[in-house]
Every structure is written in structure tokens, then in C-alpha cells.
Amino acid sequence: RNLSPREYAAALESHILQLADEARESGEPRVVCLGMHTFVAGTPATAYELDKAFGRLQLTSNIKWATASEVTAAVHAAATSEEK
């Protein structure tokens, strides 16, 4: 969709906050993967808006930040502990 940088960042922030609310209510974690192509997120204006949105999200208590490797390790650890 043709979103302005501010609209794009706000849409991502809303999406993540919605999933955080669902996780809080259900007690089940959610994983959000943000793949960003430079064509979409590679402009200075978009980077600026995303930085502001991510800064606000980092202040949200039930949102954890992880790399793909960290998510993989956590899923593997959970699966291993379920087997025991």
C-alpha cells in the first residue's frame, strides 16, 4: 500500500501492540518478524519514523526484542523441555 513513512511506522506499531495485548490476555507469547526491504524502509524519513515507533515499543513491558537466532534457541529450548 502507499503509506507515508509516518503511516507505515504507525501501522507496524499498532500491529505489534495488538499482538502484545492478545499475548497478555491469552498468556501465550506471540512472535512478530519484521522483514524490511530497503525500497520500503530505506528512506531517511521512514527510518526516522520507525526509530521513534520502535523507541516507544521498547518501553512496553510485555514486548521482548530478539534476533532470529534468539527466537530459534527459545523455541528449541521450549520443545526440549516439553519432551522431558
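1. Which residues in α1 meet which residues in α3? From α1 come P5, R6, Y8, A9, L12, E13, I16 and L17; from α3 come A45, T46, E49, L50, A53, R56 and L57. Contact means heavy atoms within 4.5 Å. Helices are DSSP runs (H or I, at least four residues), numbered from the N terminus.

2. Basis. The model is predicted: local features need pLDDT of at least 70, side-chain atom pairs count only at pLDDT 80 or more, and totals for chains, interfaces and linings use all residues. Residues are numbered from 1 along each chain as its sequence is written, and side-chain values use heavy atoms, without hydrogens and water.

3. Helix packing. α1 and α3 (residues 44-58) pack at about 25°, with axes 8 Å apart. Axes are lines fitted to C-alpha atoms over the stretch in contact, and angles run from 0 to 180 degrees between N-to-C directions. α1 is therefore roughly parallel to α3 (angles under 35 degrees count as such).

4. Contact make-up. The contact of α1 with α3 has ten nonpolar residues, one polar and four charged. Nonpolar means Ala, Val, Leu, Ile, Met, Phe, Trp, Tyr, Cys and Pro; charged means Asp, Glu, Lys and Arg; the others, Gly among them, are polar.

5. Lining. The lining of the largest pocket divides into 17 nonpolar residues, two polar and four charged. A pocket is an open set of points on a 1 Å grid over the protein atoms alone, where a 1.4 Å probe fits, with protein on both sides within 12 Å along at least five of seven lines; lining residues have an atom within 4 Å of a point.

Notes
Helix = DSSP H or I, 4+ residues; strand = E, 2+ residues; numbered from the N terminus. Parallel < 35°, antiparallel > 145°, perpendicular 65-115°, else oblique.
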